[in-house]
Structures are given as C-alpha cells and as structure tokens.
Amino acid sequence: MNALTYSDYLDLGTLLSAQNPRTPPESDRSLVLAEHFFIVTHQSCELWFKQLIIDLDAAAEALAMANDPVAAESCTEYLDRSAEILRILSEQIRVLEKLPGRHFAAFRRYLGTASGVQSRQYREIGRLLGNDRRQGRLYEEFAAAVSRAGTSITEVCRSGPAVGVFHRITESLLDIGNRYWQWKIGHVALVSKMLGDRSGSAGTAGADFLLGRITMPFPELRRLRSEAYADLDEARRPQPTDLPLSGEREVRLGGDVGGRRGP
C-alpha cells in the first residue's frame, strides 16, 4: 500500500484543476489571470460556505441537547468558529477588491447569466441565520433550549455571565449576526464599485438588489437584549424619592464651608 501523501489527502489534483477561465487563452495574459483570480476567490468562498453551514448545523444540533454540558460547550465552539469564518469572508471581499475593474468589465460577458445570487449555499446560510422577517433554525433551537432550562432569553440577557453557557451562546450569536451583516455590506460596496448602476449578470438590479436584501439576523434576540439592558439601566437610576428636595439642596449649597458661608 502506498503511503498517503499530502496531495492525495487534500485531493489537490481535483481541487487545483477546477479553475477554468472562459476568457480565450490567446487574450492578454493579465486578463486571463484576472478571471482566474475571480474564480479562485469565489471558489474559496464556496468552500468557506460549506464549512460555515456544517458548523451552524452542528451548533443547532448541539442546542437541541443543551441540557448536556458537553453539547452546550461544543455549541459555543461551533459558533465561535462560524464567526471567524464570517470574518474571513469579509476579508475575501477585500482581496477581491484587487481585481482591476477594467479586467472585470472585459471578461464579464463570459459569465453569461451566472451570478452569486444563484449560490445554493449562500441561500442556505440565510435560512439557518434568519432575517428581520423570520427567525432561522439556529435561533429557534436556542430559544427552545433556553425554555427547556426553565428560564427566558430576557433573563439570560439580564443575568449576563451568571447564567454561564447561555450567556456565551448569546454573545456568540450576536457576534455572528454582526459579522454576517458586515460581510453583506462589504459585498454590496464591492458590487457597486465594479458595476455602478448596471444590472447584475442574472438580470437583477445589481447593487440595489443586494442592498435591499441586507438584513441583520436574530431580530428577537437583539430586541430582547436591548429591552433587558434598558430595564437594568432604569433600575439603577436614582428614583425621585432618593433625590434631595430643592430646599435641602439649597441649604447644602449655601451652608458653611470651612467655617464660612458659601456664596
């Protein structure tokens, strides 16, 4: 039996032969390389999409067993990794910004009707995370786990670290939501830079179409945490009965200071 090699383990033969620019090979070399760069960045995103979906699914499954401490802690690991993947996806946008606009304009016709909005994995991520109109599977599993523990999301937000793993999961979910939003904003900015007001390759309105689809996941969680923090802030404010009466305040301000009456 032959020893397993690095190339065999990663199936590099298949992976590295999957970049096939449509720009005619006799075209200017810089143009062919630009399309190759475009393909590599998008394929990289799809690979990260795959891992992100795996980790978000695993986190949802762990939440279904959140009464098991090991499963609950595993959930935080999956979520923290997911947040980092979303950070990397935002960095991918920055890398793609190095694609010269003139080259994109030159090879864009070879894309035909192919468009990122057709990505099945892209849509699956949105289904798992949800949006402003509906809760995704991940949040639904979290809400169910909190309920089974005999508490509420409001109480989890109000109690902070005192509730342990549920607090860490809450913060991880919010971190994921913020990074997901940042990634999509960066994508819109890139498309706007490349296309201007031109339509997308799939016949969409381009940047305007993407802008209209940007949402922040976990709307209920964000609302409940905001309300819980507002309650805490209100509870810590001095009540009217705790404040000195105006007459008392005047006496204190005008009383003796160092043996002399104040001004």
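How close do the axes of helix α3 and helix α6 come, and at what angle do they cross? I started my notebook with that one, keeping in mind that this is a predicted model.

**Entry 1: α3 against α6**

I looked up the pair and found that the axes of α3 (residues 29–63) and α6 (residues 120–129) come within 9 Å. They cross at roughly 25 degrees. Angles under 35 degrees count as roughly parallel, so α3 is roughly parallel to α6. I also noted the hand: α3 passes α6 in a left-handed crossing.

Next I listed who does the touching. From α3 the contact takes Glu 46, Phe 49, Lys 50, Leu 52, Ile 53, Leu 56 and Asp 57. From α6 it takes Gln 121, Tyr 122, Glu 124, Ile 125, Leu 128 and Leu 129. Sorted by class, that contact has 8 nonpolar, 1 polar and 4 charged residues.

**Entry 2: α3 against α4**

I stayed on α3 and turned to helix α4 (residues 69–96). Here the packing angle is about 165 degrees, and the axes are 8 Å apart. Angles over 145 degrees count as roughly antiparallel, so α3 is roughly antiparallel to α4. The crossing of α3 past α4 is left-handed. I wrote down the classes for this contact too: 21 nonpolar, 6 polar and 2 charged residues.

**Entry 3: α6 against α9**

Then I followed α6 to its packing with helix α9 (residues 165–195). I get an angle of about 145 degrees and axes 12 Å apart. α6 passes α9 in a left-handed crossing. On the α6 side I noted Tyr 122, Ile 125, Gly 126 and Leu 129. On the α9 side I noted Ile 176, Tyr 180, Trp 183 and Lys 184. The residues of this contact divide into 6 nonpolar, 1 polar and 1 charged.

**Entry 4: aromatics**

Which residues form one aromatic cluster with Tyr 122? I found Phe 49, Tyr 180 and Trp 183 there with Tyr 122. Phe 49 was on my list for the contact of α3 with α6, and Tyr 180 and Trp 183 were on the list for α6 with α9.

I searched the whole structure for aromatic pairs and got 10. One I wrote up is Phe 104 with Phe 107: the ring centres are 5.6 Å apart and the planes stand at 90 degrees, so the pair is edge-to-face. Both residues sit in helix α5 (residues 101–107), and being 3 residues apart they are separated by about one helical turn. I checked burial as well. Phe 104 is buried at a relative accessible area of 8%, and Phe 107 is buried at 0%.

**Entry 5: Phe 38**

Is Phe 38 buried or exposed? With 14% relative accessibility, Phe 38 counts as buried. Leaving out residues up to four places away in sequence, I see Phe 38 touching Leu 96, Leu 99, Phe 104, Phe 107 and Leu 111. That list includes both rings of the pair from my last entry. For Leu 96 I also looked up the separation: 58 residues in sequence, and 7.2 Å in space from C-alpha to C-alpha.

**Entry 6: loops**

Asp 11 has a positive phi of about 50 degrees although it is not a glycine. Asp 11 lies in the loop between α1 (6–10) and α2 (12–15), and at 43% relative accessibility it counts as partly exposed.

Phe 218, also not a glycine, has a positive phi of about 60 degrees. I placed Phe 218 in the loop between α10 (207–211) and α11 (219–236). At 0% relative accessibility, Phe 218 counts as buried.

One further loop residue: Val 163, between α8 (153–159) and α9. Val 163 is partly exposed at 28% relative accessibility. I put Val 163 and Thr 151 at 9.8 Å apart, C-alpha to C-alpha, and 12 residues apart in sequence.

**Entry 7: the whole chain**

I finished with the overall picture. I count 12 helices and 2 strands in the protein chain. From the N terminus on, the elements run α-α-α-α-α-α-α-α-α-α-α-α-β-β. Of the 263 residues, 37% count as buried. For contacts between residues at least 6 apart in sequence, I noted that 73% join residues at least 24 apart.

Methods:
Residues are numbered from 1 along each chain as its sequence is written. This is a predicted model: local features need pLDDT of at least 70, side-chain atom pairs count only at pLDDT 80 or more; totals for chains, interfaces and linings use all residues. Side-chain values use heavy atoms; hydrogens and water are left out. Axes are lines fitted to C-alpha atoms, for helices over the stretch in contact, and angles run from 0 to 180 degrees between N-to-C directions. Helices (H or I, at least four residues) and strands (E, at least two) are DSSP runs, numbered from the N terminus. Angles under 35 degrees count as roughly parallel, over 145 as roughly antiparallel, 65 to 115 as roughly perpendicular and the rest as oblique. A crossing is left-handed if the near helix is turned anticlockwise from the far one by less than a right angle, and right-handed if clockwise. Contact means heavy atoms within 4.5 Å. Ala, Val, Leu, Ile, Met, Phe, Trp, Tyr, Cys and Pro count as nonpolar, Asp, Glu, Lys and Arg as charged, and the others, Gly among them, as polar. Rings of Phe, Tyr and Trp (its six-membered ring) pair if their centres lie within 6.5 Å; planes under 30 degrees apart count as stacked, over 60 as edge-to-face and the rest as tilted. Buried means under 20% relative accessible area, exposed over 50%, partly exposed in between (1.4 Å probe, protein chains only).
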